[in-house]
Amino acid sequence: MEHENQKNDPDTSTADVKVVDINADSHPFDSAHEPSQLDVHTSKDFIQQLQQILRDDDNDAVFTLLEDLHAADVADILEVLSSKERLKLIELLGERLDPEVLIEIEGEAQDELYDNIPNEQIADAVNELETDDAVYVLEELDDSDREEVLKSLAVDDRVAIEESLSYPEDSAGRLMQRDLVALPEFWTVGQTIDYLRSEEAEVPDDFYDIFVVDPGHKPVGSVPLSRVMRTGREKAIGSIMDPELYLVDVKADQEEVAYQFTKYHLISSAVIDESRRLVGVITVDDVVDVIEEEAEEDILALAGVGGDTALNENIREITKSRFTWLLANLITAILASVIISLFDATIEQMVALAVLMPIVASMGGNAGTQTMTVAVRALATKELGTTNALRNISREVIVAGFNGVILALISGVIAWLWFGSLMLGGVFAVAMIVNMLAAGLFGILIPLGMQKSGVDPAIASSVFVTTITDVVGFFAFLGLAAVFLLQGNV
């Protein structure tokens with residue numbers, strides 16, 4: 001990619017530095033005591049002002065209003081506006097649209113933005129972005145548009161991006177950026193500093209570590225920039241490097257990369273290919289996005305909601321993503337109803353059972369969801385595995401048992417006082433204990449089993465846990481009632 005390399009000349013004091021005063025009165029839409037960042041979801045006056053400008057077709061006013069905003073804020077604005085207003089804003093901004101907006105925008109707004117700016121403008125934006133961001137933009141394009149944009153890039157840039165696109169989706173190869181600083185061990189600190197300051201140096205705009213490589217371009221160590229600046233010029237880079245490296249395989253899943261960064265508190269990490277050659281670098285700012293994305297996916301999956309759930313997604317996509325799991329829930333609900341139908345005669349003879357059944361199912365479902373959520377999160381963070389599975393299963397069952405006994409005593413007394421039947425209260429209490437134990441057991445066994453089978457436990461666990469707690473709860477309660485309550489012991 002093309003980068004504007006800032007020359008680090010100590011005699012230079014005229015660098016253009018833009019200082020943003022977060023309490024500045026001059027900001028066009030902030031009060032004197034508010035930060036300059038814009039929360040478009042609550043800035044009603046700002047959005048109304050923008051909508052009026054759009055109605056007036058005043059593109060200069062639009063640019064004046066938006067020019068000091070961060071690209072993420074502009075992306076939020078595009079997502080908040082209606083489709084008609086969004087297209088108008090894209091048209092008025094034209095080529096003055098910040099390239100960074102292309103990587104910040106999501107959902108239906110992203111589709112409309114990509115569809116309504118020319119491929120030449122996308123290609124210009126890609127030239128200004130880091131490799132990993134350029135890959136993100138290109139992978140969101142249609143095949144024909146992607147090919148057209150790639151053809152307009154310089155050969156080196158095109159080859160680098162095409163190679164990154166060849167790696168699996170959500171892999172380190174897609175996440176990494178190609179621009180990095182790699183130097184041999186024998187270079188001195190003085191040579192390194194002079195090189196980084198030279199206009200000929202092709203270095204990233206922002207980087208944290210210098211990677212030390214052998215003649216085969218395999219990483220053997222790293223040196224933080226802070227250490228370079230504190231060390232005398234005559235010292236060799238190899239003498240001050242950290243020989244212990246946390247290397248990332250280019251085909252590693254991005255979730256595994258995020259785990260490594262979190263566990264070892266990394267700022268950046270070298271990416272290697274099959275021959276262990278240095279091919280890229282992943283930085284912490286990219287990993288933050290991955291952590292947020294993975295956490296969001298797990299939360300949505302637990303609720304049976306697909307990945308494309310942004311508020312500005314189109315109705316068809318949202319409906320499609322939710323329907324599959326709603327259908328699965330319908331099938332499992334029918335299974336629970338079949339269990340109830342087996343005891344229809346029992347229910348007819350004692351209406352109190354129909355009143356109390358939802359309580360048993362609800363308590364079991366909630367307890368199962370609690371256990372399942374903890375288990376899924378522990379699996380994602382690698383806190384739960386085969387080595388400690390048995391201990392955690394035992395713990396969850398014991399916790400469920402304690403809660404079951406306490407809740408059984410409370411609910412049993414309530415049922416006794418409510419319907420005036422001590423036997424009914426006892427049956428209700430025992431059914432509550434049985435279902436709570438089942439919830440604790442299967443709430444952790446199902447996620448473990450799903451992961452062992454290669455299925456994402458966050459996606460499929462909730463349906464099965466809910467079904468099992470419903471079936472066990474209904475069968476225990478109605479079965480015990482059939483045995484003890486309908487023999488004259490009411």
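Let's start on the surface, where V351, V355, I359, I406, I410, I414, W418 and F419 come together as a nonpolar patch with about 740 Å² of accessible area between them. A patch here is built from residues with over 30% relative accessible area and no salt bridge, joining nonpolar side chains (Val, Leu, Ile, Met, Phe, Trp, Tyr) within 5 Å and like charges within 9 Å. A salt bridge, in turn, is a side-chain nitrogen of Lys or Arg within 4 Å of a carboxyl oxygen of Asp or Glu. Areas come from the Shrake-Rupley method with a 1.4 Å probe, and for residues only the protein chains shown count as cover.

Before going on, keep in mind that you're looking at a predicted model, where local features need pLDDT of at least 70, side-chain atom pairs count only at pLDDT 80 or more, and totals for chains, interfaces and linings use all residues. Residues are numbered from 1 along each chain as its sequence is written, and side-chain values use heavy atoms, leaving out hydrogens and water.

Back to the patch: α19 (351-380) and α20 (389-419) each supply at least two of its residues, and α20 gives the most, with five. Helices (H or I, at least four residues) and strands (E, at least two) are DSSP runs, numbered from the N terminus. Take I410, which is found in α20. I410 counts as partly exposed because its relative accessibility is 48%; buried means under 20% relative accessible area, exposed means over 50%, and partly exposed lies in between (1.4 Å probe, protein chains only).

Now zoom out. The protein has 22 helices and six strands, and 44% of its 490 residues count as buried. It exposes about 26300 Å², with carbon and sulfur atoms supplying 55% of that. A contact means heavy atoms within 4.5 Å, and among contacts between residues at least 6 apart in sequence, 65% join residues at least 24 apart.

Next, have a look at helix α12 (residues 189-197), whose buried residues are V189, G190, T192, I193 and L196. Looking down the axis of α12, you'd see these buried residues within an arc of 160 degrees, so they line one face of the helix. That arc is taken from the directions from the helix axis to the C-beta atoms. An α-helix has 3.6 residues a turn, so residues three or four places apart point the same way. And what do the buried residues of α12 pack against? Their partners are β1 (182-184), β2 (209-213), α13 (225-230) and α14 (237-240).

Strand β5 (268-272) is worth a stop too. Five of the five residues of β5 are buried, so the rest of the structure largely encloses this strand. Both of its faces are covered, with S268, A270 and I272 on one side and S269 and V271 on the other. Two strands pair if DSSP finds at least two bridges between them. Strand β4 (residues 248-249) runs parallel to β5, joined by two bridges, and D249 stands opposite I272. Strand β6 (residues 278-283) runs antiparallel to β5, with five bridges, and here I272 stands opposite L278. Five residues lie between the strands in the hairpin of β5 and β6, where R276 takes a positive phi near 70 degrees.

Finally, two loop residues. H265 has a positive phi of about 55 degrees although it is not a glycine; it is found between α15 (254-264) and β5, and counts as exposed at 68% relative accessibility. D57, also not a glycine, has a positive phi of about 55 degrees. D57 is in the loop between α1 (44-55) and α2 (59-66), and counts as partly exposed at 42%.
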